[in-house]
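Dear colleague,

Please find the structure for your review below. My notes on the findings follow it.

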Amino acid sequence: MSQTKQAPDRTIVLYMHIHQPWRVRPYSLFEVGRDHNYYGPDNERVFKKVAEKSYRPMLDLLDKLLKKHPNFAFSLSITGTFIEQAELWGQDVIERLQALVKTGRVEIVAETYHHSLAFFYDEAEFERQVEMHQRKIKELFDVESTSFRNTELAYNDALAEKVGQMGFKTVVAEGWDKVLGWRGPGYVYNAKSSTPLRLLLKNYRLSDDIAFRFSNKQWSEHPLSAQKYLKWAKDATVEAPLVNLFMDFETFGEHQWADTGIFTFFEKFVEMWIKIDGHFATVSEAAFTHEPQDVVSMPETVTWADSERDLTAWVGNSMQRESLQHLYSLLPAIMRRNDSKLLADFRNLSTSDHSYYMCTKYWSDGDVHAYFSAYDSPYDAFLFVSNAVRDLEYRMKT
């Protein structure tokens, strides 16, 4: 018997990702073996700034929309490193999130606790970080996630096989043209997996219109009005039932500042969509109210980053590859040490942002990397993180 229910036409699946890394401070080679604190005051400063500009106003707006519109719903993924910082510097942000989840119309999507690329380096560590995340989400929100997203939507057939075996029912990934071919991102698909696993794919054009192009005055469609975007979303559902809008939560207020009109735009668009009898659904709801249309296979890894949509944002140069290989080479010995502080520092250093900051792309994607970087240059990022990894190795051996 089919698990699907009667599927509404014209459904938006809004999924947003919330994350903050533990940024490594300018950590000198001369501190290796002497000072084991790798993280500086920038973490608190950045978190408080983003909380004021993005987290609080957007969470308040989402709460308003949930109360006003009974059929408004969305999904979130929330990293463990973000939660740790919110527990230190923004407990009210956690309380806002808890209130939203209690409505029953906000789904938490599972992921790696430390926003790492562990799947590609150590599958046992990948499982441990996913299990850590599940425990933390259960503790804070009293829910168990059945949908999954890997770090940076890094997805391939091997990942589908793994997460299906781990019991997940749905996974989200990038709807990249080179993979989809003649197919569109507006349908539910089956992943290539020996266990049943449904696949939702990002509509990257409509997602990126908000996430990246909204405030770009050089963009031919600027300024983007709610009315214009409504037409695009309606056009996307003429044949396909879904519009999968996947983006960073910080799009609202941080990447696109309040003075661009992003909050007003979003509120108006939601109301207009509902007024034309459009629906909103969580990732899991959409996956199981629509029949899968085909099996989508991704033998090679696809991500949601940069124009290549692959892992080169994190492993595209020798600095990045050396840093990650050195770090993960220490893991077996660190696990044998059974030292919780040592393991916690390893995991914080495994956060993919550190490698992302080392990227040396200088074409159109270079500006994006520079915007997100915590450092003056990729070489500074490599130097400071490498010194921290050297100290980690020193601690492990001594």
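**Findings**

In strand S7, Leu199 is the bridge partner of Tyr189. This is a predicted model, in which local features need pLDDT of at least 70 and side-chain atom pairs count only at pLDDT 80 or more, while totals for chains, interfaces and linings use all residues. Residues are numbered from 1 along each chain as its sequence is written, and side-chain values use heavy atoms, with hydrogens and water left out.

Strands S6 (residues 189–191) and S7 (residues 198–202) pair in the antiparallel sense over 2 bridges. Helices (H or I, at least four residues) and strands (E, at least two) are DSSP runs numbered from the N terminus; two strands pair if DSSP finds at least two bridges between them. An open sheet of 5 strands runs in the order S4-S5-S7-S6-S10, with mixed pairing. Strands S4 (147–148) and S10 (295–296) stand at its edges with a single partner strand each, so one side of each has no neighbour in the sheet.

Helix H1 (residues 42–68) has 27 residues, which at 1.5 Å a residue should span 39 Å; the end C-alpha atoms are 37 Å apart, which agrees. The expected span is 1.5 Å times one less than the number of residues. H1 has a kink of about 55° centred on Ala51, the bend being the angle between axes fitted to the seven residues ending there and the seven starting there. Also in H1, Lys48 and Glu44 are 4 residues apart, about one helical turn. They form a salt bridge, with the closest N and O atoms 2.7 Å apart. The structure holds 36 salt bridges (a side-chain nitrogen of Lys or Arg within 4 Å of a carboxyl oxygen of Asp or Glu).

Two backbone features deserve mention. The peptide bond joining His222 and Pro223 is cis, with omega of about -5°; Pro223 is in the loop between H7 and H8. Asp306, which is not a glycine, has a positive phi of about 65° and is in the loop between S10 and helix H11 (312–315). For context, most residues other than glycine have a negative phi, and most peptide bonds are trans.

Yours sincerely
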